[in-house]
Amino acid sequence: MNKIYSIPLFVLVVWTVLALTGPILPLHPDQIALDKIFVTPNWSQWFGYDDLGRSISARLIMGARTSLSIAIIVVSISFVVGTLLGMMGAWLGGFWDKSLVMVVDLFIAFPGILLAIALAGLLGPGLMNAVIALSIVSWVGFARLARVQTLTMKNRDHVDAAHALGTSDFTITLRHILPLIMAPLIIEATFAFAGVVIAEAGLSFLGLGVQPPAASWGSMIRDGTRYMLVAPHMVLAPGFAILSLVLCINLLGDYLRDKMDIREFKA
Amino acid sequence: MFLNYLIKRLFSSLFVLLGITTLVFLLIHLVPGDPIEVMLGETARPADREALRHALGLDLPILQQWWQYLVGVAHFDLGESLHSKQAVIQLLLDRIPATAILSIASLFIAIVIALPLGILAAVYKDSIWDRIAMVTAMLGVSIPNFVMGPLLILIFALWLGWFPVSGKEGFASLILPALTLGTALAAILSRMVRASMLEVIQEDYIRAARARGLTEIRVLGLHALRNAALPVITILGMQFGALLAGAVITETIFSWPGIGQLMIESIQKRDYPVVQACVLLISFTYVLVNLLTDVTYMALDPRVKLDA
């Protein structure tokens with residue numbers, strides 16, 4: 001691995017470890033200290049305190065937990081459902097494929113996270129609804145990719161050979177096609193992960209994600225914008241947290257893409 | 001041939017619009033529990049509830065509701081706001097200019113940043129310029145607008161005092177929201193311009209142009225850019241959707257009185273007909289912009305196969 005890519009990998013690992021160990025660390029993300037309201041970053045508290053006197057570093061770590069866990073759940077659901085549907089469409093062809101393409105085209109017609117905002121808004125705020133809203137939007141990318149990839153694999157010789165040997169459709173798709181289309185799907189998953197991190201923070205920023213007192217980077221920024229003149233660190237800290245995580249995932253995604261050299265992915 | 005394509009494309013777009021309308025219609029049925037109760041609150045009188053249920057047509061069979069909604073949309077009748085009792089279409093019309101101005105300004109900023117950056121990166125591939133351009137692009141993609149917006153407000157409005165913090169009063173108030181929205185697009189676009197230029201630069205007609213002794217500026221500006229522009233325009237059309245969706249958040253940050261702000265306000269007020277209408281309007285715009293870019297692309301480039 002290229003040396004320069006160990007930096008984003010390191011940052012990603014740090015966030016993951018912090019998120020995983022968050023609950024057992026001596027943190028008090030919800031503890032209100034009236035004497036520490038708006039305390040700016042200093043040597044003992046690197047990120048300072050917010051408008052309620054809560055430690056921002058503790059809340060950043062809890063935010064990382066929210067962000068990463070939602071992203072993992074949403075990407076996993078989308079990956080499995082999208083890949084399954086995409087492969088099925090391409091494999092079965094005919095009516096099923098046409099129906100799939102129609103549904104996919106319909107979902108793609110809603111730009112960006114608009115549909116997620118509308119869904120989360122109507123379902124009501126909350127962690128579960130944010131996951132549902134984001135999953136409904138995210139599976140489409142995987143389905144489209146899995147479908148196209150399966151179509152190119154469908155008529156390969158080794159698939160014909162498996163057919164001739166009497167292998168069942170289920171086994172062929174699972175063992176002879178899926179492994180071959182895994183690489184682009186993993187790259188898609190990387191970028192989808194970065195996308196979901198941003199989307200979750202976006203929903204939380206709009207007040208549609210996790211609800212207080214639970215911490216999310218998006219809602220921290222939302223709270224911070226009200227006190228920007230007195231306490232800019234309330235916005236800057238979660239802002240740079242999001243940037244660091246998303247940037248590192250995107251860099252790793254780029255690295256994977258170059259490494260696996262998948263041309264249709266190159267922008 | 002072109003006409004055939006146009007008709008086919010029009011039909012498929014119409015179909016997508018129908019699908020969007022259906023999905024948006026179904027949104028209201030996603031509201032957990034009774035949407036009427038959510039809208040009016042638990043303390044509402046039963047008579048009021050029934051009145052609203054009837055006014056929204058929610059007491060009809062679902063297929064009939066769906067048909068009525070389609071007919072309504074076809075006649076630009078999107079119902080009434082639950083909150084202000086105004087016609088929803090009027091609320092939308094009031095907000096469209098602000099969003100249109102913001103989108104066009106952002107698009108302009110994106111192009112102004114991305115074109116030179118992308119061309120520079122392509123022409124001096126692997127040089128320090130290329131690195132700087134691509135790092136900038138990567139940063140731009142990775143900074144969401146709800147981070148960029150507050151950051152710009154902090155620096156240029158609060159610390160330097162150059163622009164107003166929020167609102168829509170005059171040209172100065174447009175700059176920060178347009179920058180917020182434009183930089184994200186510029187990042188994506190500059191990568192596209194670079195990739196597209198890199199491909200074009202290798203073509204024979206560029207070598208031919210150089211061989212004819214044309215100046216480098218003429219070669220790049222006239223021959224290369226013109227050919228590289230076509231795929232970029234398609235991408236621009238596709239990314240316009242991300243711009244519109246981003247406007248929802250950006251308008252909220254800057255209290256910019258557009259469709260996006262209306263949508264978020266309406267979500268908070270549980271004014272569902274207005275939320276539905278905003279989603280419809282933004283998605284319809286996106287479909288139409290894509291249709292337009294596709295058709296322009298086909299009309300402009302004689303090499304594109306129409307039956308593809």
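## Helix packing in a two-chain predicted model

In chain B, the axes of helix α7 (residues 145-159) and helix α8 (residues 172-201) come within 9 Å and cross at roughly 140°. That makes α7(B) oblique to α8(B). Axes here are lines fitted to C-alpha atoms, for helices over the stretch in contact, and angles run from 0 to 180 degrees between N-to-C directions. Angles under 35 degrees count as roughly parallel, over 145 as roughly antiparallel, 65 to 115 as roughly perpendicular and the rest as oblique. The helices themselves are DSSP runs (H or I, at least four residues; strands are E, at least two), numbered from the N terminus.

This is a predicted model, in which local features need pLDDT of at least 70, side-chain atom pairs count only at pLDDT 80 or more, and totals for chains, interfaces and linings use all residues. Residues are numbered from 1 along each chain as its sequence is written, and chains are lettered from A and ligands numbered from 1 in the order in which they are written.

The crossing of α7(B) past α8(B) is right-handed. A crossing has this hand if the near helix is turned clockwise from the far one by less than a right angle, and is left-handed if anticlockwise. On the α7(B) side the contact includes Met148(B), Leu152(B) and Phe156(B), and on the α8(B) side it includes Leu176(B), Leu179(B) and Ala184(B). Two residues are in contact if their C-beta atoms, placed from the backbone, lie within 7 Å. By class, this contact has 9 nonpolar, 4 polar and no charged residues. Ala, Val, Leu, Ile, Met, Phe, Trp, Tyr, Cys and Pro count as nonpolar, Asp, Glu, Lys and Arg as charged, and the others, Gly among them, as polar.

### The two chains

Chain A has 9 helices and 0 strands, while chain B has 12 helices and 0 strands. The C-alpha trace of chain A spans about 75 × 45 × 35 Å along its principal axes. For chain B, the corresponding box is roughly 85 × 60 × 30 Å. Of the 267 residues in chain A, 49% are buried; of the 308 residues in chain B, 38% are buried. A residue is buried if 20 or more other C-beta atoms lie within 10 Å of its own, exposed if 12 or fewer, and partly exposed in between, with C-beta atoms placed from the backbone. In chain A, residues 24 or more positions apart account for 69% of the contacts with a separation of 6 or more.

### Helix α7 of chain A

Helix α5 (residues 127-154) of chain A and α7(A) have axes that come within 10 Å and cross at roughly 155°. That makes α5(A) roughly antiparallel to α7(A). Among the residues that meet are Leu134(A), Phe142(A) and Gln149(A) in α5(A), and Leu185(A), Val196(A) and Leu203(A) in α7(A).

Helix α2 (residues 56-92) of chain A also packs with α7(A), at an angle of about 145° and with the axes 8 Å apart. The residues in this contact include Val74(A), Phe79(A) and Trp91(A) of α2(A), and Thr173(A), Leu185(A) and Ala189(A) of α7(A). The table lists the class counts and the hand of each crossing.

| Helix pair | Residues in contact, by class | Crossing |
|---|---|---|
| α5(A) and α7(A) | 15 nonpolar, 4 polar, 2 charged residues | right-handed |
| α2(A) and α7(A) | 15 nonpolar, 4 polar, 2 charged residues | right-handed |

Phe79(A) lies in helix α2 of chain A. Phe79(A) is buried, with 21 other C-beta atoms within 10 Å. Leaving aside neighbours within four places in sequence, Phe79(A) is in contact with Phe142(A), Leu185(A) and Ala189(A). Phe79(A) and Gln149(A) are 70 residues apart in sequence and 14 Å apart in space, C-alpha to C-alpha.

### Core and interface

A nonpolar core is a set of buried Ala, Val, Leu, Ile, Met, Phe, Trp, Tyr and Cys residues joined through C-beta atoms within 7 Å. The largest has 164 residues, of which Leu114(A), Ala116(A), Ile117(A), Val196(A) and Cys278(B) touch the most other members. Helix α7(A) gives the most to this core, with 17 residues. Not counting residues up to four places away in sequence, Ala116(A) touches Ala133(A), Leu134(A), Val137(A), Ala199(A) and Leu203(A).

Between the chains, 36 residues of chain A are in contact with 41 residues of chain B. The elements of chain A that give two or more residues to this side are α3 (94-108), α4 (114-123), α7 (169-205), α8 (217-224) and α9 (233-260). Helix α9(A) gives the most, with 8 residues. By class, the side of chain A that touches chain B has 26 nonpolar, 8 polar and 2 charged residues.
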